[in-house]
Amino acid sequence: MDRPRPRDLSLAIALGLCAAAAVVACLYPGPPTLWHRLDFNGAPFEDFIGPYFETARAFPDADLPAAGFQYPAFFALLLAPLARLGPTIGSYAWLALELIATTLVIAAPLLLAAPRRAREAGAYVFAAGLSHPLAHNLYWGQVSTPLTLALLCATWAAARERPRLGACIIGFAAAVKLVPGLFLMGPLVRGKRGDACIGGVVALALITVPPLALLGWDRFVAFHIEVFTRLARLGAAVVDAEGGRGSQDLAAATARALSSWLPIGAGVGFALGRAAGLSLAVALLARLRHERDPGLCFASLSLLAPLLIAPTWSHGLAFVPAAAWFVWRDPRGNPWSRASAGLALTLTSLPLHAAFSDPDAYARSGLGALATCALTVGVLARRGDSPRAVADRHGPLG
């Protein structure tokens with residue numbers, strides 16, 4: 001199959017990014033009004049300059065993480081050198097990392113699943129440049145975009161027949177934030193238990209050994225008990241009509257929707273949404289057993305978090321542009337799967353976000369959860385390969 005020339009492809013990508021920037025400039029006011037338009041807190045980079053920076057600056061001397069820090073101590077250890085630069089330089093350094101990661105998260109899928117035409121790549125880059133989850137990461141200074149890039153690197157390793165490298169990358173990402181550990185379900189359901197074990201050992205080693213050496217046993221235990229207590233408290237808060245202030249996981253979104261439409265409690269709606277999420281996750285994993293394409297494995301495994309984990313904020317959907325591209329480009333796709341990919345990009349777009357009266361209204365709408373469902377339908381609606389056709393499968397993602 002002919003592919004676009006590099007010059008045409010580069011021009012299409014540049015035009016797509018410029019067009020997305022122009023649309024954003026037309027949709028939103030300038031700062032500081034912009035901050036209140038983007039999210040409820042009205043203060044950019046709050047996650048980095050708050051819990052990330054404060055925990056890293058005190059590490060390893062403080063007994064407990066700063067308020068709002070809900071990650072393993074290994075993440076604080078990674079951030080400690082950045083925190084030593086001070087809040088201003090450290091923030092600019094983290095912003096540079098975020099911008100690089102965002103650019104690569106948009107561009108990397110084009111390397112893993114080549115476009116048929118330059119204008120197809122330009123259209124994808126335009127849509128990805130308008131992604132609300134990616135903008136949400138930039139706004140808060142969140143780590144989800146860099147971790148999405150890490151998982152795309154693991155996908156690249158799978159495509160290059162280097163499963164153990166991919167497993168190690170997944171293990172590293174899981175040591176920073178536990179959610180990427182769901183990607184180890186890929187090798188497990190494919191019978192590659194050795195690769196899953198490698199990823200799990202890497203994650204466990206990074207979570208325990210370096211922080212233990214710096215904190216000592218008592219402070220290491222106290223640090224992580226506090227983190228897990230916060231996570232449990234946060235998870236419990238999602239089971240109400242507000243859904244943890246707009247969580248985009250399927251259970252919380254279902255609880256908000258059903259409690260407003262029907263005379264039932266939010267707890268019942270949450271349970272129904274959790275049951276639906278579990279069913280869809282099982283269907284994705286069953287389909288994954290016979291999936292050869294690394295990009296489709298990435299899409300399937302990325303969807304597990306918003307289907308299963310409450311809360312999942314909008315920045316936790318940073319995978320949507322890449323997953324939508326993989327579903328769109330799948331040669332076994334059909335009109336249903338491609339329409340689902342386009343719908344997911346539309347539902348998580350900044351133009352749709354700007355159409356709401358305020359960020360809280362957008363968050364409560366649950367459009368991110370609908371995008372997750374659309375992509376799940378897109379993955380499951382594709383034509384499958386027979387088990388015999390996938391006898392040569394490999395890689396940490398399948």
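Begin by selecting Phe45, Phe48, Tyr52, Phe53, Phe69, Tyr71, Phe75, Trp94 and Phe223, which together form one aromatic cluster. Rings of Phe, Tyr and Trp (its six-membered ring) pair if their centres lie within 6.5 Å, with planes under 30 degrees apart counted as stacked, over 60 as edge-to-face and the rest as tilted. By this rule the count comes to 19 aromatic pairs.

The model is predicted, so local features need pLDDT of at least 70 and side-chain atom pairs count only at pLDDT 80 or more, while totals for chains, interfaces and linings use all residues. Residues are numbered from 1 along each chain as its sequence is written, and side-chain values use heavy atoms, with hydrogens and water left out.

Next, keep Phe45 and Phe48 on screen: their ring centres are 5.8 Å apart and their planes stand at 55 degrees, so this pair is tilted. Phe45 has 13% relative accessibility and Phe48 has 2%, so each counts as buried (under 20% relative accessible area, with exposed over 50% and partly exposed in between, for a 1.4 Å probe and protein chains only).

Finally, select helix 17 (residues 320–329), where 9 of the 10 residues are buried, so the helix is largely enclosed by the rest of the structure. Among the buried residues there are Trp325, Phe326 and Arg329.

Notes: Helix = DSSP H or I, 4+ residues; strand = E, 2+ residues; numbered from the N terminus.
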